[in-house]
Amino acid sequence: MGGGSEPLDYKHGQFIGPWGNLGSQTQKGIVTYSLSANRQRPFAGATSAAIFNTYRRSRAQFLYVVPPMILGYLLIDWANEKNHYYNSKEGRMLDAEAAAEATGGGTVRA
């Protein structure tokens, strides 16, 4: 149990064994099986699972994504219509009338 050039358990002063076998007896009666990495199927069912999982996750995020996109589209559409109106003949005439009314018929200083 003790002696040699093996590392010591400094609390008790004896070698407790290599890593993974820290002083205990070897276990018996435990059988483990493994499969070669080449024989495993890591993507088995991945395409069908991906379709249903994508649908489930998209459905869960629908209310977080779609309403802000609709509001953003409506805001941009409103701003474009307003810009087209202000750059049209009617919009410029209305703007000139509003400026004349605000200044009392005088000119606007820059």
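Guide: What follows goes from the whole chain to single residues. Keep in mind that this is a predicted model.

Visitor: Fine. How many helices and strands does the chain have?
Guide: The chain has two helices and zero strands.

Visitor: What share of the residues is buried?
Guide: Of the 110 residues in the chain, 5% count as buried. The chain exposes about 10,900 Å², and 59% of that area comes from carbon and sulfur atoms.

Visitor: Which residues form a nonpolar patch on the surface?
Guide: I70, L71, Y73 and L74 form one. Together they have about 460 Å² of accessible area.

Visitor: Take Y73. Where is it, then?
Guide: Y73 sits in helix α1, which covers residues 46-86.

Visitor: And is Y73 buried or exposed?
Guide: Y73 counts as exposed because its relative accessible area is 57%, and the cut-off for exposed is over 50%.

Visitor: Switching to side-chain contacts. What joins N83 and N87?
Guide: A polar contact of 2.9 Å between their side chains. N83 lies in helix α1. With a relative accessibility of 42%, N83 is partly exposed.

Visitor: Now aromatics. How many aromatic pairs does a search of the whole structure find?
Guide: The search of the whole structure turns up one aromatic pair. It is formed by Y85 and Y86, with 6.0 Å from centre to centre.

Visitor: What is the angle between the planes, and what does that make the pair?
Guide: The planes are at 50°, and the pair is tilted.

Visitor: How accessible are Y85 and Y86?
Guide: Y85 is partly exposed, at 34% relative accessibility. Y86 is also partly exposed, with a relative accessible area of 47%.

Visitor: Last topic, helix α2. How many residues does α2 have, and how far does it reach?
Guide: Helix α2 has 15 residues, 89-103. From its first C-alpha to its last it reaches 21 Å, close to the 21 Å expected at 1.5 Å a residue.

Visitor: What follows α2?
Guide: G104 does, and the phi of G104 is positive, near 75°.

Technical notes. Residues are numbered from 1 along each chain as its sequence is written. This is a predicted model: local features need pLDDT of at least 70, side-chain atom pairs count only at pLDDT 80 or more; totals for chains, interfaces and linings use all residues. Side-chain values use heavy atoms; hydrogens and water are left out. Patches are made of residues with over 30% relative accessible area and no salt bridge: like charges are joined within 9 Å, nonpolar side chains (Val, Leu, Ile, Met, Phe, Trp, Tyr) within 5 Å. Accessible areas come from the Shrake-Rupley method with a 1.4 Å probe; for residues, only the protein chains shown count as cover. A salt bridge is a side-chain nitrogen of Lys or Arg within 4 Å of a carboxyl oxygen of Asp or Glu. Helices (H or I, at least four residues) and strands (E, at least two) are DSSP runs, numbered from the N terminus. Buried means under 20% relative accessible area, exposed over 50%, partly exposed in between (1.4 Å probe, protein chains only). A polar contact is a pair of N or O atoms within 3.5 Å; within protein, one must be able to donate a hydrogen and the other to accept it, and residues adjacent in sequence count only if both atoms are side-chain atoms. Rings of Phe, Tyr and Trp (its six-membered ring) pair if their centres lie within 6.5 Å; planes under 30 degrees apart count as stacked, over 60 as edge-to-face and the rest as tilted. The expected span of a helix is 1.5 Å times one less than its number of residues.
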